[in-house]
Amino acid sequence: MTIAETDVFEFDNSFARDLEGFYVEWQAAAAPEPAMVAFNKELAAELGLDASYLSSAEGVGILAGNAVPDGAEPIAMVYAGHQFGGYSPRLGDGRALLVGELLGADGKRFDLHLKGSGRTPFARGGDGKAALGSMLREYLVAEAMHALGVPTTRALSVVTTGESIFREGMVPGAILARIAGSHLRVGTFEFAARLEDKTALTRLADYSIKRHHPAAASSERPYLSLLEAVIDAQAALVARWMLLGFIHGVLNTDNVTISGEGIDYGPCAFMDGYDPKTVFSSIDHAGRYAFGNQPSISIWNLARLAETLLPLIDSDNDAAIESATELLQSFPDRYQGYWLEGMRAKLGLADQATGDDELAAGFTDLLEAHRADYTGSFRALADSLRGHDETLQQLLPDDKARGAWLDLWHARLDGEGRERSVVADEMDQVNPIYIPRNHLLEAALTAATDGDLEPFNELYEAVTHPFEKRDGLDRYTEAAPDSFGGNYQTFCGT
């Protein structure tokens with residue numbers, strides 16, 4: 001391990017400084033022949049980083065973990081978590097390192113995190129490495145989510161290590177450089193609660209307030225306000241997922257951030273045909289994290305956070321439980337409010353009106369009855385306002401049911417009195433035309449694993465500009481062909 005003397009990074013490592021006991025100092029495993037395969041120049045510019053340096057051999061060495069830049073303090077974070085409902089008292093970064101915290105020009109703080117950098121004390125039997133396909137999946141999905149306006153961790157780079165690792169067969173190893181507001185999770189609080197050390201729990205809560213929810217600090221009950229802020233952030237995040245037909249896949253408490261950012265895009269996917277029971281994750285045998293379950297499972301996860309905060313919320317445990325429960329019970333209304341706000345935009349509604357929730361639910365009921373393509377249906381709905389009904393009729397072939405709903409929708413639009421062409425254009429600004437379709441993503445990742453990055457780069461270009469229809473990209477708008485199969489599964493990559 002070498003030290004890279006560079007002034008490209010400005011680090012201020014508050015987690016390592018303030019939260020001793022929640023990490024171990026660690027170093028990445030050596031990557032024998034690191035090489036850049038994907039680099040996010042736009043994100044580098046946003047972070048004030050020198051893209052030309054990071055693309056150089058020395059920069060690639062840093063992004064592969066072979067060199068530690070000045071000011072960095074690589075650590076593996078420890079946390080606990082509930083995985084598929086079962087409690088694991090010590091999880092942590094089994095194959096990842098927090099290199100350090102970057103400070104932007106505005107003082108905003110970001111984690112620079114390497115995923116796939118080798119075994120740590122928390123590896124739990126895994127090899128600590130990551131496959132190229134899995135890291136490119138996270139890179140592309142994270143940036144697609146960002147382009148769709150969803151709070152998310154970001155991807156700075158993917159570097160191959162020059163070694164092969166064993167998964168279903170031998171595949172290229174790779175490391176993802178991930179950028180996050182932080183990696184604080186519900187699981188971090190579960191680990192703190194396990195310590196039965198109120199001082200440590202208070203340090204973590206105070207740190208989380210300062211870093212992510214500073215308004216809570218001035219509240220009469222700051223720790224209750226922290227819980228409320230996290231509940232609200234997660235309600236907004238999950239509503240955005242549901243509006244886009246996105247399924248996280250493994251919504252364990254260690255994958256629920258305090259910041260409200262989406263994290264860990266492993267067994268995730270976007271639906272084609274609309275069905276709330278859709279599951280893609282190969283390890284979700286009971287459908288715990290099915291698409292339609294994401295709001296309710298989020299309440300369950302947030303209840304685990306609330307349990308950890310009870311000693312800080314009130315010295316009277318019964319009073320603490322009552323206050324926390326009241327907040328948890330507000331989640332459905334918060335979620336429904338965010339979801340309905342988003343659905344109004346997707347349906348071209350500028351104002352609020354009684355019955356909008358029934359109107360929105362009526363459309364998703366239509367989609368479910370026909371297993372219609374979720375993403376394509378909203379674009380087809382906008383096109384119908386322009387007089388192009390063919391695609392919508394193909395997606396929703398029941399003339400009577402479709403016509404009955406369209407009559408209600410048109411009457412609602414007539415009440416607002418706006419030009420239909422204007423409404424259609426506004427709908428296209430919030431309803432994506434390009435998403436990471438599963439069959440296209442799998443084909444791109446397979447090609448990349450075999451050394452051909454062109455399909456990946458073309459798909460990346462499409463999904464990171466998701467709303468603007470462009471010539472020559474029609475195949476990126478189409479649902480998977482029948483030959484793709486109805487039993488598509490995604491995997492964790494470990």
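Which helix gives the most residues to the lining of the largest pocket? The tour answers this after a brief orientation.

The model is predicted, with local features requiring pLDDT of at least 70, side-chain atom pairs counting only at pLDDT 80 or more, and totals for chains, interfaces and linings using all residues. Residues are numbered from 1 along each chain as its sequence is written, and side-chain values use heavy atoms, without hydrogens and water.

**The largest pocket**

Select Asp272, Asp373, Arg437, Glu478 and Ala479, which lie nearest the centre of the largest pocket among its 34 lining residues. A pocket is an open set of points on a 1 Å grid over the protein atoms alone, with protein on both sides within 12 Å along at least five of seven lines; lining residues have an atom within 4 Å of a point. Its volume is about 930 Å³, taken as the space filled by probe spheres set on points joined across faces, edges and corners.

Next, select helix H13 (374–385), which gives the most to this lining, with four residues. Helix H14 (390–395) also supplies at least two. Helices are DSSP runs (H or I, at least four residues) and strands likewise (E, at least two), numbered from the N terminus. By class, the pocket lining has eleven nonpolar, eleven polar and twelve charged residues.

**The largest cavity**

A cavity is a set of grid points where a 1.4 Å probe fits but cannot get out; six reach 30 Å³ or more. The largest has a volume of about 70 Å³. Select Gly65, Ala67, Val68, Val99 and Leu114, the closest to its centre of twelve lining residues. Then select strand S4 (67–69), the source of the largest share, three residues.

Conventions: Nonpolar A, V, L, I, M, F, W, Y, C, P; charged D, E, K, R; others polar.
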